[in-house]
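These notes are meant for a colleague who is meeting this structure for the first time. Please read them with the sequence and the model side by side.

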Amino acid sequence: MSQSIASHPDRLLPADPGTRSIARGLLERVQDLPIISPHGHVDAAVIEHNTAFPDPAALLVSPDHYVTRLIHASGVDQDLLRPQTGAHGDPNAVPDARTVWREFCKAWPLFEGTASGYWLRTQFQSVFGLQEEPDAGDPDSSYDAISARLQEPGFRPRELFKDFNIEVLATTDDPLDTLSSHQAIAADPSFHGRVLPTFRPDQYLNIAHPQWRDNVERLIAAAGDGGTDYGAYITALENRRRYFVDNGAVSADHGVRTPRTLKLSDSDASRLFDVARSGKATAQDREDFEAHMMYQMARMSVEDGLVMTIHPGSYRNHHEPTFNAYGADSGHDIPFAIDYTEAVRPLLQDFGTAKDFHLVLFTMDETVFSRELAPLAGFYPSVFLGAPWWFLDAPDAMLRFRSAVTETAGFSRSSGFIDDTRAFCSIPARHDASRRIEASFLARLVAEHRVTEERAHELIVDIVDGSPRRVFKL
Amino acid sequence: MSQSIASHPDRLLPADPGTRSIARGLLERVQDLPIISPHGHVDAAVIEHNTAFPDPAALLVSPDHYVTRLIHASGVDQDLLRPQTGAHGDPNAVPDARTVWREFCKAWPLFEGTASGYWLRTQFQSVFGLQEEPDAGDPDSSYDAISARLQEPGFRPRELFKDFNIEVLATTDDPLDTLSSHQAIAADPSFHGRVLPTFRPDQYLNIAHPQWRDNVERLIAAAGDGGTDYGAYITALENRRRYFVDNGAVSADHGVRTPRTLKLSDSDASRLFDVARSGKATAQDREDFEAHMMYQMARMSVEDGLVMTIHPGSYRNHHEPTFNAYGADSGHDIPFAIDYTEAVRPLLQDFGTAKDFHLVLFTMDETVFSRELAPLAGFYPSVFLGAPWWFLDAPDAMLRFRSAVTETAGFSRSSGFIDDTRAFCSIPARHDASRRIEASFLARLVAEHRVTEERAHELIVDIVDGSPRRVFKL
Amino acid sequence: MSQSIASHPDRLLPADPGTRSIARGLLERVQDLPIISPHGHVDAAVIEHNTAFPDPAALLVSPDHYVTRLIHASGVDQDLLRPQTGAHGDPNAVPDARTVWREFCKAWPLFEGTASGYWLRTQFQSVFGLQEEPDAGDPDSSYDAISARLQEPGFRPRELFKDFNIEVLATTDDPLDTLSSHQAIAADPSFHGRVLPTFRPDQYLNIAHPQWRDNVERLIAAAGDGGTDYGAYITALENRRRYFVDNGAVSADHGVRTPRTLKLSDSDASRLFDVARSGKATAQDREDFEAHMMYQMARMSVEDGLVMTIHPGSYRNHHEPTFNAYGADSGHDIPFAIDYTEAVRPLLQDFGTAKDFHLVLFTMDETVFSRELAPLAGFYPSVFLGAPWWFLDAPDAMLRFRSAVTETAGFSRSSGFIDDTRAFCSIPARHDASRRIEASFLARLVAEHRVTEERAHELIVDIVDGSPRRVFKL
């Protein structure tokens, strides 16, 4: 039944033999470069404490909504895959690890052709040393093999950090986080990787968030100027950003519903802020305030130098019953159409050419790649093309991205690869896939005599190594 | 002048020799599988009575709006191509069959590169045995050859049904249809194919349809509970669906302007229903009621098990003068942008995870493939990706579809191929094209070492044979 | 450092050897056909006076917003690249030509993979005879080589017109232009090229244009019927169109924000016209009037035979500070999403099947290619698919265009290539790129046995030579 998992050295490279041979050369050029990961969701405490990873299911299945969602679509109840964490869930309802793993092995064939399937297969082989595909007929053998590996002393986060050749890893953090893990890591002379915090203030800017009012009170109390009004709120945000900068942060990340930006007068903003705190904000008030705060975040980035990244266009928690049972990030955030051209204009009017301002725009709506993002990034010195994100972080989607943006914006206006993952062990597989696809795209341009092979070798090094350093000011 | 029509055994397969060789093997695996056609527009009476097909023009040109539209675009008046059937048309104005065929032969080169051209060429060769392309210089020779074939005894619908290796053929039927043809076919022990009705209630749900009020009266009178109100209307729909189920139907099909759904209270729905029957519904009332009825259709599907298929996003009868002369389906239905994420949320809140509910979503707006449909189908157990439909039922569009959805949703979440045709003789050509494209896509994944060849052989059988059986509960 | 610029004879052709060999044959078939350029922005006076071209920077960098925009994005102030021409600019602030050229040479690697890079490289080699790539380490050697070439007697516009094998070149002209340059060229027996004017009335139709009121006064005074009202305005437009027709014009071009069309009654249109002249038009009034004038332009095209071309969907002058300093066309027009299906319906209701009416629809929103434009052009005899335009006039984008439209509309419904350029010396490079891409697309269809090689040879000649003659009535 089971099949060898041995991956082919030419995986993801183009089929045409001539193009493949060019791609191999390009890949070789970057295969051993260090991993730079300027945006992701690994917990810094895991690195600080060098905690052993839990069992295979809790490491690879339950927390990965890319994985649980497709198993769920096949008809498996999420109760069998992950703890219930939502308002109405039973906090003790944690399924048995071998039960979860058995469901995963049954579902494994569903992942053929998916990006998750590629990352998992690569991990199974190169990180966990499996010889065969997970097999529904014998789930225990893969479970046991991975479990054994997880207990090895060399299989701790810090050792893997080094094995994976990670140079920089950015985390995503609450504005009031003490950043003590980051401080401890930086202060430890025995660890050489850079683990950087990222300022992520969504839940302090978006009035619609259930905790917004509480968050604002805590923020003002912790970092304000003594006042309690809009001015204190702005000051507190500035102060916390400064704290992040002082602790090594290079960027501030913003998950917003739409990319809309708006410049309100201080008095209008102040009025909306007060209305919102009294619990009387209308839907329009909330949208205006969030759009205004994006403008404010850009202003602060111009002043404090944090790179600004925007991730819009996802309908979060689309299926309410699932949200109620399992909370956020349970696999049903669904993208929708967005418009950047009009939406970011207010922000770009004032900051689009500001010195050293970097604004990285992400999308899950592919239509904006050629229509809006490449034209914007091809004019504004501040605007950079975010790497294909989330559902688009996949081989064909990456090729469509390069094809859509390069003819307008060239190669110099992209962010470099962003893995955006909380799955630490998948980081090398994700960067490997990206490098193979960059090699594939460039190899086609070489084969079609659009770019010389010599220049392509320079370009791929810049894409993999130069761009993220430059764009994220590393 | 004329050119051999002999089709190449490798038609539609990828050019790269290595990939082509893999594709050949995959195609061979499925080439002889029976045809399963769970949605289309063939008239069951044609199978029941085993009626001989009419002349070449009336079979292949006049009723096929894919064909007449492109000839019309080249400047040929539709009077020369099809009967006038509209309000202002002359019902006797049927052009002479040889005149129509002559126009077709002149226009034949326009079809190069089109899906229709591919289907026609395949039919000419494999169904009608032509040796040469239709030739404007000698239209009679192809006309005569096809005419002769049409008179052969073996060239009757039932014989072709068998020759074409059709196992299941679904028709599309009015909710008040007696389904007598389906009953006769099912009762005939000499015929072994399955011909299934499909419940298509658009003109009973959409207030904007000119016959809506009449249809509602007839529906309530024929299948209601004795009452005349909204409750009777709902009951009558449920009763007719039950009648369809009892006569073998597996799905209910819905052609709607937008994919919007809405849950109204019974009292609100009842009020809108009464307003509409009094002829006073506003545009907003009509839209709300149709959206609500989509919700109701989902509820009924959950209860009676009919698979629900939705075809939105077409501006029907875009050119009014043509509609007035030739009626609906005269070649000027034009797609527009749609949004599924927000639109189907009300329906999916309540039925998205309902047991055995199957919802197949179609689109002619390709942008929703990667952005909305793959993410929806990759989470909701009920949601399946409808095959590329209508203008997108074409080789390159199918490849774009697979590329757009697979990395998020894998291969298990698609409907399988849907021919959606009223052109009976084109059915094998359409399924053949689809199988070749599936083989081409999978062959690329194999060649790029994303999927093993062994697994690809399993996948293509599931795509061609397993998916339609599973999704349409056959 | 510097690299040979020698271009490969197979540039832009597909990598697969079999497909490339077919593409070579197809390209050979059309490589020597004359250039037909039915829409562009070369100044007729340049041809009339046969003016020598200025220095390399003023010819190739400063006026080309494709080029300056990407250099600007890399952080170079536009003051170093082009004269300030805007309201607040210093009209004497013209940067030194060698300074501009030095910045260009530094930025040259940014153009790898872009369409502009391709056109420039081709010009450098075939028009200017450079042996090596521009080199930031030695900008003077390329500057001097091009300068020397510019002073050669054979390097004048009329000589290049002949060398480039241009048969027809259309300019873009103000409705009140005397067309004296066109008359002089036509009257000169020593010059054999056709230089045709194009009627471009945007600034006379769009109330939002700052000069609209002045333009209307001048128009009515110059070409009206003695009155001063809406009727006189319409008459004046008709008269000027007639004047253009009499001077060889074949088309009227319309740059509009959206493709919306609207049929107003004469009295409503007249009222809006008066309101607008009194300076009191609302945003809605302005939009309605422009939409109505598109309807009127179509009516006039039906009457006077001018081909109607529409270019919507660009947010002009997105960055106001740059507009204020450098005026329009300074690199920050950014596309946005458009909808054609609903928007052009009013126009097509009345003129969609009008005899000899030609309506060419352009887009920078690729999503409408398969969704709206191919279905419209595949039914309406008047509608033609505009070639991929502006940011989409690039190799991969052209391939996406052909893939998106061909399966629905075939090859007969496209406009033929449109270079749309003010950069005279780039014309052969642009047409060369287009021909190579058409050959590449057709070669794939041949290799996949969708079209015979014989038929593909006919098709490419029709695409390159037949289509523009037919669509633009040349």
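1. In β5(A), A:His311 is the bridge partner of A:Gly255, and this bridge belongs to the parallel pairing of β4(A) with strand β5 (residues 307-311) of chain A, which runs over five bridges. Strands and helices here are DSSP runs numbered from the N terminus, with at least two residues (E) for a strand and at least four (H or I) for a helix, and two strands pair if DSSP finds at least two bridges between them. Strand β4 of chain A covers residues 251-255, and five of its five residues are buried, where buried means under 20% relative accessible area, exposed over 50% and partly exposed in between, with a 1.4 Å probe and protein chains only. Both faces of β4(A) are covered, with A:Ser251, A:Asp253 and A:Gly255 on one side and A:Ala252 and A:His254 on the other.

2. A word on conventions: the model is predicted, so that local features need pLDDT of at least 70 and side-chain atom pairs count only at pLDDT 80 or more, while totals for chains, interfaces and linings use all residues. Residues are numbered from 1 along each chain as its sequence is written, chains are lettered from A and ligands numbered from 1 in the order in which they are written, and side-chain values use heavy atoms, with hydrogens and water left out.

3. Chain A also has an open sheet of three strands in the order β1-β2-β3, with parallel pairing. Its edge strands, each pairing on one side only, are β1 (35-37) and β3 (194-196) of chain A, and the twist from one strand to the next averages 10°. Between β1(A) and strand β2 (residues 166-170) of chain A there are three bridges in the parallel sense, and A:Ser37 has A:Leu169 as its bridge partner in β2(A). Helix α19 (residues 427-447) of chain A packs on the sheet and touches β1 and β2 of chain A, its direction making about 100° with that of β1(A); contact means heavy atoms within 4.5 Å, and angles run from 0 to 180 degrees between N-to-C directions of axes, which are lines fitted to C-alpha atoms, for helices over the stretch in contact.

4. In chain B, four of the five residues of β2(B) are buried, so this strand is largely enclosed by the rest of the structure. Strand β1 (residues 35-37) of chain B runs parallel to β2(B) and is joined to it by three bridges, with B:Ile36 standing opposite B:Val168. Three bridges in the parallel sense also pair β2(B) with strand β3 (residues 194-196) of chain B, where B:Arg194 stands opposite B:Val168.

5. Where does A:Ser426 lie? A:Ser426 is in the loop between α18 (395-409) and α19 of chain A, and this residue is buried, with a relative accessible area of 2%. The side chain of A:Ser426 reaches the backbone oxygen of A:Ala423 at 2.8 Å and makes a polar contact of 2.7 Å with the side chain of A:Arg430. A polar contact is a pair of N or O atoms within 3.5 Å; within protein, one must be able to donate a hydrogen and the other to accept it, and residues adjacent in sequence count only if both atoms are side-chain atoms. Leaving aside residues up to four places away in sequence, A:Ser426 touches A:Gln123 and A:Thr421.

6. Over all chains, the structure holds 93 aromatic pairs. The rings of B:Phe164 and B:Phe424 have centres 5.6 Å apart and planes at 40°, so this pair is tilted; rings of Phe, Tyr and Trp (its six-membered ring) pair if their centres lie within 6.5 Å, and planes under 30 degrees apart count as stacked, over 60 as edge-to-face and the rest as tilted. Both B:Phe164 and B:Phe424 are buried.

7. Two residues other than glycine deserve a look at their backbone: phi of A:His449 is near 55°, a positive value, and B:Lys473 has a positive phi of about 55°. A:His449 is partly exposed, with a relative accessible area of 27%, and B:Lys473 also counts as partly exposed, at 33% relative accessibility.
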